[in-house]
Amino acid sequence: MVLGRSGSAPSPACWPKGRQIGYARVSTDEQATGAQEIDLRSAGCDVVVQEHGSGASRARPALLQLMSDISAGDVLVVVRLDRLARSVSHLLQVIEDLTEKGAHFRSLRDPIDTSTPQGMFSLQVLGAVAQLERALISERTKAGIIAARSKGRLPGNPGIRERRPEALAKMTAIQKAAYGRRLQSTMNQWLPTVRRMRPDHNWDDIARVLKQRGLDWTPERLRRAVRWLVTEHLAESTLLKRASPLAPEDRLMTLVAGISQSNPDLSLRDIAGQLERLHERTPRGSAKWSASSVKNLLDRARRLGLVAELPAS
């Protein structure tokens, strides 16, 4: 939940640039974020995003939405590091995502402010600690395997080897959690394209468009990923609606609109080249696309509100 100074909930699209955005989290609904909000507003935060959820979980809708909407120059502020993340790896991932967007991070109780040299130094120390931790875990794991083999034991989890239901269930839960983390770390790269093209296009069309952008998705993997996001309330259920059959020219129009919106920097000739590589035929049945054919489809898409503006030829 996002609260402005008046207590109302402004739309993220209305946030002025360069704001300090507070993030207040508690683990259960019985707990309150009031104390954190007071500290965050005292530190100059005009917007406070509230969340109820475990810090160990990375599937936190309010945090994911905040990370999606935050802009260059904004600062994400928390009272303590554990309000944002419970592991160094998660903390570093969030800060890396902020840095890519040109945003900063600050913790009021910890010496971390990525807009200052001292804060960046503290962050580098944290990164070194995380790397050392991973190396120590790896060494201990290898030493344990060697010791087990010297005593005639098989390495690994005996519960998994013996197919014990409780061990298998735990392994499945761990795998699902890892799968969710992978999806959340990449969803900003491919989910906007899915949102623009679904349900007007089938999964094959979307997978082909994403592949042209260097994203290796199969239709089934893509559908499974979106289904997971919908289940976790991170995406709209309408994305899973059955694609209704489109007339050939309408299908081409929405396909061209999807390509254009996925990469607004593409020229008409670039889009024509992508359509040829996708083996799409023009409305007249030709295998060769011209810039004018693409422009005609984009003109129709613009009149229908599918694209905001035409790319340069």
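Me: Which are the buried residues of helix 11?
Reply: This is a predicted model, in which local features need pLDDT of at least 70 and side-chain atom pairs count only at pLDDT 80 or more, while totals for chains, interfaces and linings use all residues. Residues are numbered from 1 along each chain as its sequence is written, and side-chain values use heavy atoms, with hydrogens and water left out. Helices (H or I, at least four residues) and strands (E, at least two) are DSSP runs numbered from the N terminus, and buried means under 20% relative accessible area, exposed over 50% and partly exposed in between, for a 1.4 Å probe and protein chains only. In helix 11, the buried residues are Leu268, Ile271, Ala272, Gly273, Gln274 and Leu275.

Me: What is the reach of helix 12 from its first C-alpha to its last?
Reply: Helix 12 covers residues 291-303, which makes 13 residues. The expected span is 1.5 Å times one less than the number of residues. For helix 12 that expectation is 18 Å, and the reach is close to it, at 18 Å.

Me: Where does the cis peptide bond from Arg198 to Pro199 have its omega?
Reply: Pro199 lies in the loop between helix 7 (165-197) and helix 8 (203-212). The bond from Arg198 to Pro199 is cis, with omega near -5°.
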